[in-house]
Amino acid sequence: MTKPLLIGNWKMNGSLQLNQELLHRLIPKLQQLQKHIDIAVCPPSPYLFQVCDALACTGIVTGAQTVSEHASGAHTGEVSASMLSELKCRFVLVGHSERRLKYAESSAAVAAKFEAVQNAGMTPVLCVGETLEERESGQAAMVIEQQLQAVIDQVGLAGFEQAVVAYEPVWAIGTGEVAQASQIESVHQSIRAFLSSSAPSRKEDPSQRLRIVYGGSVNSSNAAEIFNLADVNGGLIGGASLKADEFIQISESLA
Ligand code: PEP
């Protein structure tokens with residue numbers, strides 16, 4: 001297994017000034033942890049240039065929050081994978097629940113974005129997770145399997161060789177409500193088991209090498225417990241990644 005991974009998702013927050021202040025506080029501390037963990041931050045797209053520039057040569061990498069599935073052309077407002085790659089983005093979030101739910105991104109569109117990201121030489125972070133309604137009606141596992149299957153249908157199982165999966169229960173994102181340890185462990189295990197069962201042979205099974213990170217109201221108080229769970233290989237951090245002290249403490253819990 002490669003190093004654990006911590007990703008900060010800034011969502012639609014920040015300004016040139018605030019980003020500079022945040023990075024100024026984060027960089028020296030996070031650089032000390034790099035021997036133990038990989039770290040990425042995902043700013044809003046207008047700030048990618050600023051953040052990529054500030055992080056160059058630090059070992060901390062930049063990711064984007066979304067991408068177009070199209071290569072170029074008449075897609076006003078969209079950003080292509082090759083543009084993100086040119087800026088030296090290393091990761092791209094695809095299928096974040098805020099995109100799936102607020103912008104009606106289908107699993108098929110998410111899978112096409114996943115492929116576009118890989119074709120441009122970057123690593124997709126496939127976000128999967130169930131709504132509260134789906135969990136309460138016993139459909140969580142099925143929903144997540146469908147989200148994974150859409151990617152297998154698009155790129156094949158081998159697509160998971162160069163990818164990260166983020167389990168983010170929708171009801172835990174930005175709500176302060178964290179999934180229970182047993183729920184997180186069980187979903188992470190079932191993601192690995194599902195991918196493994198889809199492989200025709202052990203050699204073609206990407207599941208054991210795959211990093212599966214957890215996201216949903218992770219903060220400095222609960223991070224250590226979550227990161228110690230079996231099958232959790234890191235975190236995707238939203239709100240808490242905007243506070244330097246919080247993000248540093250979360251990083252220290254993973255290192
Ligand atoms: C997220 O946006 O991916 C996320 C996990 O947000 P938060 O940590 O704020 O719940």
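Okay, let's start at His-96: setting aside neighbours within four places in sequence, His-96 is in contact with Gln-65 and Cys-127. Contact here means that two C-beta atoms, placed from the backbone, lie within 7 Å.

Quick housekeeping. This is a predicted model, where local features need pLDDT of at least 70, side-chain atom pairs count only at pLDDT 80 or more, and totals for chains, interfaces and linings use all residues. Residues are numbered from 1 along each chain as its sequence is written.

So why begin with His-96? UniProt, in an unreviewed entry, places the feature "active site" at His-96 and Glu-168. They span 73 residues in sequence, yet no two of their C-alpha atoms are more than 8.3 Å apart, so they gather at one spot. Bear in mind that UniProt positions use the numbering used here, feature names are shortened, and annotations may be inferred rather than shown by experiment.

Where do they sit? His-96 is in the loop between β4 (91-94) and α4 (97-102), and Glu-168 is in the loop between β6 (164-167) and α8 (181-197). Those labels are DSSP runs numbered from the N terminus: helices are H or I with at least four residues, strands are E with at least two.

Buried or exposed? His-96 is buried, with 27 other C-beta atoms within 10 Å, and Glu-168 is buried, with 26. Buried means 20 or more other C-beta atoms within 10 Å of a residue's own, with C-beta atoms placed from the backbone.

Beyond its neighbours within four places in sequence, Glu-168 has contacts including Ser-97, Cys-127 and Gly-215.

Zooming out, the protein chain has ten helices and eight strands, and buried residues make up 42% of its 255 residues.

Note on methods: A residue is buried if 20 or more other C-beta atoms lie within 10 Å of its own, exposed if 12 or fewer, and partly exposed in between; C-beta atoms are placed from the backbone.
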